Amino acid sequence: MKQYAPMGSKPAHTKLGESGARLTPKKSRRIRLLAVALCLWTSLFLSSVLSWGAQKSLEPDFHSLSPSASGGRTEDVRFDKYSMIIKGQRVFLHSGEFHTWRLPVPSLWPDILEKAKAAGLNAVSIYTHMGLINPSRGVVDFDGFRALKPLYEAAMAAGIWVVVRPGPYINAETTAGGIAHWVTAEVAGRLRTNDSDWTEAWRDYILGIIEETAPYQINAGGPVIAIQLDNEYTQDYPGHGEYYEELKKVFHDSGIVVPLTYNDPNQGGNFINGTGAVDLYGMDSYPQRFDCSHPSAWRPVVTNYHEYHERVNPSQPWYIPEFQAGSYDAWGPGAPGYAPCAELTGPAFQSVFNLQLWASNAKLINYYMLYGGTSWGGLPFPVYTSYDYGAPISESRALTTKYDELKLQGLFVRSSPDFTKTDWIGDSRDAQSNVSTNPDVFLTLLRNPDSHASFYIARQNDSTSTANVTFKMTVDTLWGRQEIPLPIALDGRESKVVVTDYTFGANSPLRYSTAAILFAGVIGSRDVVFLHGKTSQSHAFSFFPTGTPNPWFRSTDLHSLVRMTETERSKRETEVTLLPGIDGVITIYDSDTQLVLFADSKTAATFWAPVLPGPSEDPFRAFWGIGATEAVLVGGPYLVRSAALEDGGARLALRGDLREGGRLTVVGPLGVRSVTWNGMDIGSGDLMEGANSLRVFDLQPRVALARVRTPELTGWRYADSLPEIQDGFDDKEWVVADHTETNVPEKMWYGDGRVLYGCDYGFCENVVLWRGHFNASGVEKSVNLSINGGEAFAASVWLNDVFLNTSYGNSTNNMNIIEETDDLFVFPPGALKPGEDNVITIVQDNMGLNETDGDNADTSKNPRGIRGFTLANGSFSDWKVQGKIGGYTRYPDKTRGIFNEGGLFGERRGWHLPGFNTSAWKPHELSDGLPSGEAGVGFFVTTFRLDVESFLDVHMSFTFDDPLGPAYRAFLFVNGWMMGKRVANLGPQAKFPVPQGILDYSGENTVAVALWSMENETISPCLRLVVDGVFDSSLSGVQTNNPPWSNTDRP
């Protein structure tokens, strides 16, 4: 842990992305010289096919641009109006969001990065969490899962750029939007403004981020290419722009040279010019919003993004820091869970909405989320534990059908350098650009100004339509006008990219293609293109065959549904039509200089294009287009993580994962003589019949994957965890709640002047207990309590040892939200003890702090606790409060961090930790509930062993099989980590994935359940450990970091 000296002197979870917001003044446009443009066009048009490759080199001299002119302070990262330029190369920044703290096992982070790379992405965007890293004033902690160095080093190994988004405010559906809880209590000034005490509060944290990140900037040989300031804010509110200026100054004064960016929550034009303006502006977009209850009901695409970009920042590339790749899901019985969220934003959404974003000429896109993970402990707000998000990579790290679609798109973008620089020419609203014969089809034309490569992006005019339509096109190419011979189909919610004047490999032209491009590049010495399309549709393309056909290739052996004809324009040009019905991979042309493949899209999605790294001495050898320029094609496995040529190019070494046995197909350099898979020699393979450039191998898992079994969770031991309601309980070590002032804007409703807000006493997160003492005269009849715990909270109340009732908050699919209650608790006969000390005990579950609401960030200063207390016919003497042991400053478990525990008696004693001795506890099965059958809290603990082979990646979950409805909460601890909160009366979550690293796959594991029954009724939780997936994997070296119980700093 590092210590830094303190400096001396929408609702925010509703992400916006639609039109209609305020605009700031435009930046001045760069003037294009008509004569230069005409000259360039003439040169390109008159170039012959033989000089095609030379056309690709027509690029401006970026090295002549000063860093400031292109928006950065290092020549390694620049940009113009088209795209980002990294180390002199144009880059389409194709990124996915990944929050490392939602996967608190650093040795698993390479798994997510390798899966991003395998999907064709070249970057990740990360939020860092102030609340985790800066748990108390002056303490900045980058140990364990809070570290950044392991991520940066894994990104370098994978070849993935990193955009760092440290906030301090991040939103991210996390408590207080990531602002440290201590700040919300200790800072009197306005949060997220230039108020001095807020500045003092965030400075240590940001300096810590800088110290960890600066050595990993691209100019220092690292992967970090940009840093975002704060998150989704407005510029014109008093103190906001000045706050951004302060952030900028700290970054610039501390060695940060990469561009500083911003993400506008809507079309507001914030921070482009004026006070607080950043280097590179971006805008977030969530076009389907966040209600997954009706996943087939779509909103239409947003159509004005290009116009907006041209109005507000035309001199910069169009940057989307967050584009919807799923949705969060809120508490409550009306919440549908994440499966409908995955459907709402599934492959059809990705096809239509991602490509519509391309059509707006966006060249920096980050999909939120690529991998959602788990909001364990006290991290979530206003969501439950799972942050699966319906993302392409599931919470358990499994690949989904959305991942397949993302890979098809990602490999196309990676294969298409001409797509990194395009002018927006027009769309179907412009008669000149409307080349479709069907008015129900909407086309947008993008064109590379240097190579003339054109990209027609087609969708239905009504983007929500499920009808099947066809259209024909006549397009302009370098060889003149071209009528595409076959109708092009759009099956309902589908988009396509039709290319013209497209280059694959070094210098092979496609005159046009209505088939999609999975891969285009150089493999060995040959130009290779792999096209694909739906089996039910026809497709067409035209190319120029070169070289000598290989002896095994005969055009007479072509698939019966393929037609190849030489065009009348040139005997060198061949037009190919593919009729419906093609299934599997087929070879169209195979020579010593070219290979042309086609497959149905379902088969194409089983292929991978792993990058071959460059020279070992190049630190950027794994980055596509910078240190790596070649790849191979591999079909069949569940995942291909990497490829490398060994033994002088004679051996191809592949790493990856298998879900089942099957055929491995390889397209590699012709000099490859053997292949290894995860270090095992699988031979030279067999030649695929009719396609001898493709080698096939039989690949089987090392063990029978179905044999992995999990133990039954039995042998539970039980102890009561609510001694606070018993006679004689001593709370002398608890904190006296006697404050009379607070920085929380929402003041006490009623009481006697004392402020009973948990955050003011260091107890914000998870369960907090309150004890109100009074000497009874015998006439006291009831107590009135106003309790604030956030969305879906609960609080149970006892008088002495008599249960009074439970106050319930609510959230029903993020509607009917109740975060505060005001209830009268009547004392039953015999509960009061006249003439003695009586105690009101409140067990309260805090559900996180609110995020910023509009311009007012002080909405994160919440009155979690007791907002009002009145004793009928009496008055309270002392109020005591207790949350997690040690509060913000002295909590003992520094490994798991500040959000892991709450204030339950068992948590304070460390009963949830591995190694705690429960031998004296009573044997009692969890499914039997609390022994008393009444309201209360109990701890259940059991252990089990796992013995999983080191080469298996096994995904496991803890699942509550009992139905929703009973009034209980269960806090699930696995080897000491709170990996789930089950709210049985609200739901929806009952399944809690837990990764390896939290689970010990080769040793003993401890599972503890703190069970809170909120009514006098019998409850019967049924908990099982289940296997969700088994993979024979190259993933290795997963480490556990589960410190055992110790009595140090615990009572």
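Residues are numbered from 1 along each chain as its sequence is written, and side-chain values use heavy atoms, without hydrogens and water. In this predicted model, local features need pLDDT of at least 70 and side-chain atom pairs count only at pLDDT 80 or more, while totals for chains, interfaces and linings use all residues.

**Stop 1: α7 and α8**

Select residues 196-213 and 240-252, helices α7 and α8. Helices here are DSSP runs (H or I, at least four residues), and strands are runs of E of at least two, numbered from the N terminus. The two pack at an angle of about 35°, with axes 10 Å apart. Axes are lines fitted to C-alpha atoms over the stretch in contact, and angles run from 0 to 180 degrees between N-to-C directions. The crossing is right-handed (the near helix is turned clockwise from the far one by less than a right angle).

Now show the side chains. Trp198, Thr199, Trp202, Arg203, Ile206, Leu207 and Ile210 of α7 meet Tyr243, Glu246, Leu247, Val250 and Phe251 of α8, where contact means heavy atoms within 4.5 Å. This contact has nine nonpolar, one polar and two charged residues. Ala, Val, Leu, Ile, Met, Phe, Trp, Tyr, Cys and Pro count as nonpolar, Asp, Glu, Lys and Arg as charged, and the others, Gly among them, as polar.

**Stop 2: α11 and α12**

Move to α11 (347-359) and α12 (401-415), which pack at about 30° with their axes 9 Å apart. The pair is therefore roughly parallel (angles under 35 degrees). Their crossing is right-handed. From α11, Pro347, Gln350, Ser351, Asn354, Leu355 and Trp358 meet Thr401, Lys402, Glu405, Leu406, Gln409, Phe412 and Val413 of α12. Six of the contact residues are nonpolar, five polar and two charged.

**Stop 3: the largest cavity**

Select Glu395, Ser396, Arg397, Val994 and Pro995, the closest to the centre of the largest cavity among its 17 lining residues. A cavity is a set of points on a 1 Å grid over the protein atoms alone where a 1.4 Å probe fits but cannot get out, and lining residues have an atom within 4 Å of a point. Its volume, about 110 Å³, is the space filled by probe spheres set on the points. Strand β56 (952-960) and strand β59 (991-994) each supply at least two lining residues; β56 gives the largest share, three. The lining has 10 nonpolar, four polar and three charged residues.

**Stop 4: the second largest cavity**

The second largest cavity holds about 100 Å³ of space. Select Gly377, Gly378, Pro380, Met847 and Lys981, the closest to its centre of 13 lining residues. This lining divides into four nonpolar, seven polar and two charged residues.

How values were computed: Parallel < 35°, antiparallel > 145°, perpendicular 65-115°, else oblique. 1 Å grid on protein atoms, 1.4 Å probe; cavity = no way out; pocket = protein on both sides within 12 Å on 5 of 7 lines; lining within 4 Å.
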